[in-house]
Amino acid sequence: MAVFRAFKALRPVKEKAAAVAALPYDVVNREEAAKIGKENPDSFLHVDRAEMDLPVDTDLYDKKVYEKARENLLQMEEKGILALDQKPCYYIYELVRKGKVQTGIVGCASIDDYLNDVVKKHELTRSDKELDRIHHVDVCDANTGPIYLACRYTAALSSLLANWKKEHPAVYDFTEEDEITHRVWVIDQDEMIARIKGEMEQIPALYIADGHHRAASAVKVGLKRREENPGYTGEEEFNYFLSVVFPYDQLTILAYNRVVKDLNGQSADEVLGRIKENFDMTIVPGFPAKPVEKHCFGMYLDGFWYLLKAKPELYEEKDIVGQLDSQILQDKVLGPVLGIGDPRTDKRITFVGGSHKLRELQSMADETCGIAFALYPTSMEDLMQIADEKKLMPPKSTWFEPKLRSGIFVHKL
């Protein structure tokens, strides 16, 4: 059963919350981060993307970047922008996007639960990205961004959170430039904390929705600290990592689309001919082809949009991974037709989150005479089944929206 405990959050004072809250470090590039940081000195990107405060030729993985991140974090606390709660609490984090509400509980998951597969994974991680976050967590001595988890809530847990929201004011309530509203409540009553802890212990599994690299890095820092402290008791903060747990049925997964820069030395007609071997193809005149069901794809090539429908033999009698649209596309198009052998490392492929419009895919493909694919979103049920079966999704199979903001909660180790 899941261990999920209260903690003392380092968090913004109320009047600074909207300014501090920042997009996750991995959804903004270096130039975007620098622009945000220049315009907003309180943005938490000064911690998560500290290279913005160093010379522009500084390597992203230079130790100076991590030292600057630590310095910036300490300064935010010293200046009174962030303040540490005086007792361990749980926190309710609510996000509202386009009228849809998702409400999660913020606390700390156990690194042992991660190691024992109570916290379940569905993606591989890259060692270079892991190492970056290991250095960041270790030098900052803190988890600066929450892991996005999902589970099947108990009815009692849902009721506890709903009642607390009704009976207490939110400590933060702000809407960002992307029109997503963020609200936070602090649960500081001992009796309520104990009841929530008890409900979480009834939940058999937590699923990583987003943040596999951050989770793996937090766990490896915890293990490193255990080696450095052989007398550890298991109660130290480094044994736990910052997380938000949402009910799985409140989450929104958008498509994760693909653009390939070229046609692998083939003509457009040759590519179309090879794709027709496995897909029923219909040209869609005048506007992007958006897939409306599983096993359907939109494809843009040489000025035209097409709707592709996978032939049944591509997915019937396949296991849960083989039935994923991202796997079908990789196995039947990206690999054999376009020569994308390893989508995790191939520089010819770009992954575009589903919050971007399909016209953007078209523009990207036109720039290089390439090809674009629009996918139907993966379901949470498929994600959870894959994790339960200890299988892995292809890379970039899910895009969760809205994104959790960093800087609202920091977990000091």
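**View 1. Tyr93 and Phe409 in the largest nonpolar core.** The largest nonpolar core of this predicted model has 39 residues, and Tyr93 and Phe409 touch the most other members. A nonpolar core is a set of buried Ala, Val, Leu, Ile, Met, Phe, Trp, Tyr and Cys residues joined through side-chain atoms within 4.5 Å. Buried means under 20% relative accessible area, exposed over 50%, and partly exposed in between (1.4 Å probe, protein chains only). The elements that give two or more residues to this core are β4 (90–97), β5 (100–110), β8 (147–151), β9, β10, β11 (206–210), β12 (240–247) and α13 (380–388). Helix α13 gives the most, with 5 residues. Helices (H or I, at least four residues) and strands (E, at least two) are DSSP runs, numbered from the N terminus. Apart from this core lies another, of 34 residues; Ile92, Tyr153, Trp185 and Ala215 are among them.

Residues are numbered from 1 along each chain as its sequence is written, and side-chain values use heavy atoms, with hydrogens and water left out. In this predicted model, local features need pLDDT of at least 70 and side-chain atom pairs count only at pLDDT 80 or more, while totals for chains, interfaces and linings use all residues.

**View 2. An open sheet of 6 strands.** The strand order is β15-β17-β16-β19-β14-β18, with antiparallel pairing. Two strands pair if DSSP finds at least two bridges between them. At the edges are β15 (279–284) and β18 (349–353), each pairing on one side only. Neighbouring strands are turned by 25 degrees against each other on average, direction ignored. Axes are lines fitted to C-alpha atoms, for helices over the stretch in contact, and angles run from 0 to 180 degrees between N-to-C directions. Strand β14 (residues 256–260) is joined to the antiparallel β19 by 3 bridges. Arg258 has Phe373 of β19 as its bridge partner.

View 3. Contact means heavy atoms within 4.5 Å. Helix α11 (residues 325–334) lies across β14, β15, β16, β17, β18 and β19. Helix α11 runs at about 155 degrees to β19.

**View 4. Gln266 in the loop between β14 and α10**. Gln266 counts as buried, at 18% relative accessibility. Its side chain makes a polar contact of 2.9 Å with that of Arg274. A polar contact is a pair of N or O atoms within 3.5 Å; within protein, one must be able to donate a hydrogen and the other to accept it, and residues adjacent in sequence count only if both atoms are side-chain atoms. Leaving aside neighbours within four places in sequence, Gln266 is in contact with Val271, Arg274 and Val337.

View 5. Glu401 and Pro402 are joined by a cis peptide bond, with omega about 5 degrees. Pro402 sits in the loop between β20 (399–400) and β21 (410–412). Glu179 is not a glycine, yet has a positive phi of about 70 degrees. Glu179 lies between β9 (172–175) and β10 (181–187), and is exposed at 66% relative accessible area. Cys369 also has a positive phi, near 55 degrees. Its loop runs between α12 (358–368) and β19 (371–375). Cys369 is exposed, at 60%.

**View 6. Cys140, a buried cysteine**. A search of the whole structure finds 0 disulfides. A disulfide is a pair of cysteine sulfur atoms within 2.5 Å. The cysteine sulfur closest to that of Cys140 is in Cys108, 16 Å away and too far for a bond. Cys140 has 5% relative accessibility.
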